[in-house]
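Please keep the structure in view while reading.

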Amino acid sequence: MLTALATAAGEPLTLTEREIPAPGQGEVLVRITACGICHTDLDVLQGHWPIARFPVVPGHEITGVVTAAGPGVSWPQAGACVGAQFLGDSCRHCDHCVRGEQILCPAKRITGIVMDGGYAEYAVLKADFVTPLPEGLDPVAAAPLMCAGLTAFNSLRQAGIAATSRVAVIGAGGVGALAIRYAVAMGARVTAIGRSRRGEAAAREMGAERFIATQDTDPAEALRAWDGGANLILNAAPSTSAASATLTGLAPDGTLVLCGYGPEPLTLPTQPMALNRLHAMINPSGSPHDLRDTLAFSVAHGILPEVTPVGLRDANTVLDTMAAGHAGKRSVITFG
Ligand SMILES: [Zn+2]
Ligand SMILES: [Zn+2]
C-alpha cells in the first residue's frame with residue numbers, strides 16, 4: 001500500500017510502499033476512502049508534538065470501509081462504512097473511560113501522532129474507536145467532520161452554548177466556518193471575527209449577524225457593544241494572541257474556548273476575569289459519543305464542509321501552503 005510517512009520533526013513526508021497490515025485483537029483493517037489534512041498534521045511535522053512517535057503515518061480525519069475484523073471484534077464487520085478521529089485508543093477502565101469521556105483518559109493514544117493514521121491506502125484501527133458513518137453521508141466531504149467538525153461542535157457544547165447565547169467565532173477556516181454554522185443551527189446569535197473584511201460575505205451567508213475586522217476595530221470593545229458581550233468566544237485561528245485580544249469582550253460568566261492556538265502561551269487579564277467570573281478553556285477534540293452526535297447533527301442540519309480533493313502525492317504541497325498561512329477550503333486526500 002502507498003503510505004506517506006513522517007520520519008522526523010522538520011522533515012517533509014516521504015512516500016513509501018508498505019505491506020498492508022493485519023488487524024490484531026480488537027482491531028479492524030480499513031480501506032481508506034478519504035483523509036482530511038488538519039493543521040495538527042502540520043504541527044506534528046514541525047515538531048510541536050513532543051509525544052509524536054516517528055516514523056508515523058499522519059492523519060486523523062479518516063473515512064473508509066472495513067475490509068477485515070481481527071479476533072474478538074463483534075462490530076464493525078467487513079463492509080461497514082466508518083470514520084476515525086484524533087482519539088485512537090484509551091485504557092477503557094479509568095474513571096474517564098467508564099464515564100464515556102475517553103478523550104480525558106491519561107493513557108489515551110492519538111491517531112496519526114503515536115498510532116498510524118490515514119495518509120495511507122489502509123489503516124489498522126481500534127474497533128471501539130471507529131464510528132459508524134450515517135447513511136447517505138458523502139465520505140469525502142465528511143472526512144473533516146472527524147476532527148474539524150467534532151472539535152467545533154464539541155467546543156461549543158463543552159463551553160455551554162444555549163439557544164440564547166451570543167457566540168463570537170474568531171477565524172473562518174475549516175473549524176471556524178463549521179463553528180459558525182453549528183452555533184447558528186443550535187439557535188445562537190453569532191458574530192464572526194477576522195483580520196480583514198475578506199471573509200465577511202461568507203460569514204453572513206452562514207448566518208453571522210455581525211462581522212468584526214480586527215485590523216480596524218478593537219474586537220473586545222466591539223463585542224462589549226453587542227448587548228453586553230459574548231457569552232462564548234470560540235477561537236479557531238491558529239493564534240493564541242488573537243484569542244487573548246478578545247477575552248474582555250466576554251459578558252460576565254462567559255467562556256473563551258480555544259480550538260486554535262499557537263506555540264506561545266495564553267496571557268490572561270486576571271482582574272477583569274476575576275470581577276466577571278470569566279472562563280478560559282481548551283477543548284481537545286472529543287470522545288466517541290461526541291463524534292456520533294457531531295455526525296448526527298451535521299446530517300440533520302445539512303452541515304458539510306467545502307473540500308478540495310487531492311492525491312496523497314500532493315500532501316507535502318498542501319502542508320507547505322498551510323505553513324505559509326494560506327487557509328483555503330479544507331484539502332482532503334482521496335484514494336480512488
Ligand atoms: Zn482511561
Ligand atoms: Zn485535527
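How much space lies in the largest cavity? The model under discussion is predicted, and in this model the largest cavity holds about 40 Å³ of space.

## The cavity

The structure has one cavity of 30 Å³ or more. Its lining consists of Ala84, Gln85, Gly88, Thr111, Met115, Leu125, Lys126, Phe129 and Val130. Sorted by class, this lining comprises five nonpolar residues, three polar residues and one charged residue.

Ala84 stands opposite Val130, which belongs to strand 9.

## The second largest pocket

The second largest pocket has a volume of about 160 Å³. Fifteen residues line the second largest pocket, and those nearest its centre are Arg18, Pro21, Asp116, Ala123 and Val124.

## Antiparallel pairing around strand 5

Strand 5 pairs with strand 4 and with strand 9. Strand 4 covers residues 62-69 and strand 5 covers residues 81-84; the two run antiparallel and are joined by four bridges. Within this pairing, Gly64 stands opposite Val82 of strand 5.

Strand 9, made of residues 130-132, is likewise antiparallel to strand 5, and three bridges connect them.

Six strands form an open sheet with parallel pairing, in the order 12-11-10-13-14-15. Which strands are at the edges of the sheet? They are strand 12 (210-213) and strand 15 (279-282), each of which pairs on one side only. From one strand to the next, the twist averages 20 degrees. As a general point, the side chains of a regular strand alternate between the two faces of the sheet.

Strand 13 (residues 230-235) and strand 14 (residues 250-258) illustrate the parallel arrangement, with five bridges between them. In this pair, Leu234 stands opposite Val257 of strand 14. Helix 3 packs on the sheet and touches strand 10 (166-170), strand 13, strand 14 and strand 15. The direction of helix 3 makes about 150 degrees with that of strand 13.

## Helix 3 and helix 9

Two packed helices are described by the angle between their axes and the distance between the axes. For helix 3 (residues 148-158) and helix 9 (residues 288-300), the angle is about 100 degrees and the axes are 9 Å apart. Helix 3 is therefore roughly perpendicular to helix 9, because angles of 65 to 115 degrees count as roughly perpendicular.

Which residues make the contact? Helix 3 contributes Gly149, Leu150, Phe153, Asn154 and Arg157. Helix 9 contributes His289, Asp290, Leu291, Asp293, Thr294 and Phe297. Taken by class, the residues of this contact divide into four nonpolar, four polar and three charged.

## Backbone features in the loops

The model contains a cis peptide bond between Phe54 and Pro55, with omega at about -5 degrees. Pro55 is located in the loop between helix 1 (39-45) and strand 4. A cis peptide bond also joins Trp75 and Pro76, and its omega is about -5 degrees. Pro76 lies in the loop between strand 4 and strand 5, two strands that are paired with each other.

Where is Asp227 found? Asp227 is in the loop between helix 6 (219-224) and strand 13. The phi of Asp227 is near 50 degrees, a positive value in a residue other than glycine. Ser285 also has a positive phi, of about 60 degrees, although it is not a glycine. Ser285 lies in the loop between strand 15 and helix 9; strand 15 is one of the edge strands of the sheet, and helix 9 packs with helix 3.

Definitions and conventions:
Residues numbered from 1 in each chain as written. Chains lettered and ligands numbered in written order. Predicted model: local features only at pLDDT ≥ 70, side-chain atom pairs only at ≥ 80, totals over all residues. Heavy atoms only, no water. 1 Å grid on protein atoms, 1.4 Å probe; cavity = no way out; pocket = protein on both sides within 12 Å on 5 of 7 lines; lining within 4 Å. Points joined across faces, edges and corners; volume = space filled by probe spheres on them. Pairing = 2+ DSSP bridges. Axes fitted to C-alpha atoms, helices over the stretch in contact; angles between N-to-C directions. Parallel < 35°, antiparallel > 145°, perpendicular 65-115°, else oblique. Contact = heavy atoms within 4.5 Å. Nonpolar A, V, L, I, M, F, W, Y, C, P; charged D, E, K, R; others polar.
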